[in-house]
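Here is a short report on aromatic rings and the groups around them. Look at the structure first, then read on.

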Amino acid sequence: QLQLVESGGGLVQPGGSLRLSCTASGFTLDYYGIGWFRQAPGKDREGVSCISRGGGTTRYADSVKGRFTISTDNAKNTVYLQMNSLKPEDTAVYYCATDRRPVPWCSFSAQGAFDNWGQGTQVTVSS
């Protein structure tokens, strides 16, 4: 059974950092592109970042560019999202998912292309 589990969320003050983890079981994560998404209360789910299969390409939403970094640890079958300089508007439930498209690039604009959504991890940025 293919499964993704997110972890690493929590409460952090503005300007602080968190590292989210997305760990796969039942499959090798490196064979898939991975997307990170978030959903704030009362808002639609939005794409945050993605990394292509093999890790050759990364992409970030304008709102997080320069503050968030996506990376992969193949030995741990895990994709990370390092979040620095956090802002209150980053508060949301963060999800990861696999991109079913067999392409060497990544894009998070088409959420319908993503499967195996995790249960999410809550990130709250507040003083």
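## Charges over rings

This model is predicted. In it, Arg 19 lies over the face of Tyr 80, 4.0 Å from the ring centre. Arg 45 sits over the face of Trp 117, at 3.7 Å from the ring centre.

## Ring pairs

A pair of aromatic rings is described by the distance of the centres and the angle of the planes. Rings pair if their centres lie within 6.5 Å. By this rule, the count is three aromatic pairs.

Take Phe 27 and Tyr 32. Their ring centres are 5.2 Å apart and their planes meet at 80 degrees, so the pair is edge-to-face; the cut-off for that class is over 60 degrees. Phe 27 is buried, with a relative accessible area of 11%. Tyr 32 is partly exposed, at 26%.

## A pair across the sequence

The rings of Phe 37 and Trp 117 have centres 4.8 Å apart. Their planes are at 50 degrees, so this pair is tilted. Phe 37 lies in strand S4 (residues 33–39). Trp 117 lies in the loop between strand S10 (114–115) and strand S11 (121–125). The pair therefore ties together parts that are 80 residues apart in sequence.

Trp 117 has 27% and counts as partly exposed.

## One cluster

Phe 37 and Trp 117 also belong to an aromatic cluster with Phe 114. Trp 117 is the residue whose ring face lies under Arg 45.

Definitions and conventions. Residues are numbered from 1 along each chain as its sequence is written. This is a predicted model: local features need pLDDT of at least 70, side-chain atom pairs count only at pLDDT 80 or more; totals for chains, interfaces and linings use all residues. Side-chain values use heavy atoms; hydrogens and water are left out. Rings of Phe, Tyr and Trp (its six-membered ring) pair if their centres lie within 6.5 Å; planes under 30 degrees apart count as stacked, over 60 as edge-to-face and the rest as tilted. Buried means under 20% relative accessible area, exposed over 50%, partly exposed in between (1.4 Å probe, protein chains only). Helices (H or I, at least four residues) and strands (E, at least two) are DSSP runs, numbered from the N terminus. A charge sits over a ring if NZ of Lys or CZ of Arg is within 6 Å of the ring centre and within 35 degrees of the ring normal.
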